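User: I'm new to this structure and would like to learn how to read it, feature by feature. Could you walk me through it?

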Amino acid sequence: MKKFFIIIFAIFSIGILSSCKTSSKDSVKTNTNPHQAIQGEWISYSESKINLPKTTSAADAHKLLDLTASTSEKIKFDKKKVTLATNEYDYKLGRQIIIGSYSYDYKLEHGQDILKFDTTSSDIGGNVYYRVGSKLEKEKTKEINDKEAKEKKSVTHLNEVWKAKTDIIEKSLKEAMIGTWSGHFKAVATTGQGVAWASGMQTLTFDGGTNLSFHASSDSLTNFDQKVIHNAYASYQPNGILGLEPSDHIPVDPKKLINIIKDLTAEQMFSRIKYIAFSYDVTTDTGTISQSFSPSELSYKNGKLSFDTALLITQCGDEGVQISGDVSKTE
């Protein structure tokens, strides 16, 4: 019995010593001089975000949703300097971190591997930083990357489905535009560059969406035949096609949108379109001409789109000079 108690006491003593040693280590880590503890490199993250693209190019026109990639920002402390982005500053450390004329409340957490700022200043973009190389930093990096990979996959799939649907719109529109259109254009006031287009007849001929001929009776400089168009795309308001009101917010959940668009027919899409335009650029000897062709009173029957009139807006170069007017099909 005596021998038994001796063994139990020995085990108990070892346990206490081990506990004290562990406690001592933790104490050393958490009670390290703050000036020493904050030194090193830290990183903060902004997560990826799904949003609606702004249609300004042919590439954007074929997207229903876009994905803004996650970003990171690093901050580095040494004994006397702190580096923010590429800028280096003196700093003082006490109850607050003082950098230049700014004071930041801060605290170190999770074994001093997380640095938190309480600030609204633009000097420091994030408010939670992870010690570079720590377990927490590696876990956060994986979390950010995994989330972004899933979002990218779902957004890419949605855009592929959406493009297949809207390719029908663009193909039908190009086919309906084939032929010659003409109309009377209004005068445009002289701009600061001293450029103006007088009123007169304008005529344009499409050969199927690849080449264009254009003649302005009031300005011979803009006349050209068989020029290749580029940066061409059809633009429209997605709300109507999706069966939403113009004021409704388009959901940014790819799964919800897939369910809305997967069964859309061409007839449904064209019946819901409230506005549509075909925009393109033409490079001529005198500069770049940008045009927007917006048909009205669309009719889609038996797999074919038709219309008789359209609004044509023409902009010459970077001067912002525009002429606009209605055109009708002549042949």
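User: Let's start with N159. Is N159 buried or exposed?

Analyst: Keep in mind that this is a predicted model. The idea is to look at the relative accessible area of a residue, with anything under 20% called buried. N159 comes out at 13% relative accessibility, so N159 counts as buried. You'll find N159 in helix α4, which covers residues 135-177.

User: What does the side chain of N159 reach?

Analyst: It goes to the backbone oxygen of L65, at 3.0 Å. If you set aside residues up to four places away in sequence, N159 touches H62, K63, L64 and L65.

User: Now the rings. How do I read an aromatic pair?

Analyst: A pair of aromatic rings is described by two things, the distance of the centres and the angle of the planes. Searching the whole structure gives 13 aromatic pairs. Take F77 and Y91: the ring centres are 5.1 Å apart and the planes sit at 75°, so this pair is edge-to-face. F77 belongs to strand β4 (residues 71-77) and Y91 to strand β6 (residues 87-93), so the pair ties together parts that are 14 residues apart in sequence. Both F77 and Y91 are buried.

User: And what kind of aromatic pair do F206 and F293 form?

Analyst: F206 and F293 are edge-to-face, with 5.4 Å centre to centre and 80° between the planes. Here F206 is in strand β12 (residues 200-206) and F293 in strand β16 (residues 287-296), so the pair ties together parts that are 87 residues apart in sequence. F206 is buried, with a relative accessible area of 3%, and F293 is buried as well, at 0% relative accessibility.

User: Which residues do ring pairs link into a cluster?

Analyst: The cluster is made up of W181, F206, F278, Y280, F293 and F307, linked by ring pairs.

User: How do I go about reading empty space?

Analyst: Rolling a probe the size of a water molecule over the atoms shows where empty space is left. In this structure, the largest pocket has a volume of about 230 Å³. There are 14 residues lining this pocket, and the closest to its centre are P53, T55, K63, Y236 and P238.

User: Which element gives the most to the lining of the largest pocket?

Analyst: That's β14, with 3 residues. Both α3 (58-61) and β14 (224-236) supply at least two residues each to the pocket lining. By residue type, the lining of the largest pocket splits into 9 nonpolar, 2 polar and 3 charged.

User: How many cavities of 30 Å³ or more does the count come to?

Analyst: The count is 1 cavity of 30 Å³ or more. The largest cavity holds about 60 Å³ of space. Its lining is Q237, N239, G240, I241, P246, R272, I273, K274 and Y275. Helix α5 (residues 238-241) provides the largest share of that lining, 3 residues. The cavity lining divides into 4 nonpolar, 3 polar and 2 charged residues.

User: One more feature, backbone angles. What is phi of A85 near, and where does Q112 lie?

Analyst: For A85, phi is near 55°, a positive value in a residue other than glycine. A85 sits in the loop between β5 (81-84) and β6, and with 65% relative accessibility, A85 counts as exposed. Q112 isn't a glycine either, yet its phi is positive, about 65°. Q112 lies in the loop between β8 (102-109) and β9 (114-118), and at 12% relative accessibility, Q112 counts as buried.

User: How many helices and strands does the chain have?

Analyst: The chain has 7 helices and 20 strands. Of its 331 residues, 35% count as buried.

Methods:
Residues are numbered from 1 along each chain as its sequence is written. This is a predicted model: local features need pLDDT of at least 70, side-chain atom pairs count only at pLDDT 80 or more; totals for chains, interfaces and linings use all residues. Side-chain values use heavy atoms; hydrogens and water are left out. Rings of Phe, Tyr and Trp (its six-membered ring) pair if their centres lie within 6.5 Å; planes under 30 degrees apart count as stacked, over 60 as edge-to-face and the rest as tilted. Helices (H or I, at least four residues) and strands (E, at least two) are DSSP runs, numbered from the N terminus. Buried means under 20% relative accessible area, exposed over 50%, partly exposed in between (1.4 Å probe, protein chains only). On a 1 Å grid over the protein atoms alone, a cavity is a set of points where a 1.4 Å probe fits but cannot get out, and a pocket is an open set with protein on both sides within 12 Å along at least five of seven lines; lining residues have an atom within 4 Å of a point. Grid points are joined across faces, edges and corners, and a volume is the space filled by probe spheres set on the points. Ala, Val, Leu, Ile, Met, Phe, Trp, Tyr, Cys and Pro count as nonpolar, Asp, Glu, Lys and Arg as charged, and the others, Gly among them, as polar. A polar contact is a pair of N or O atoms within 3.5 Å; within protein, one must be able to donate a hydrogen and the other to accept it, and residues adjacent in sequence count only if both atoms are side-chain atoms. Contact means heavy atoms within 4.5 Å.
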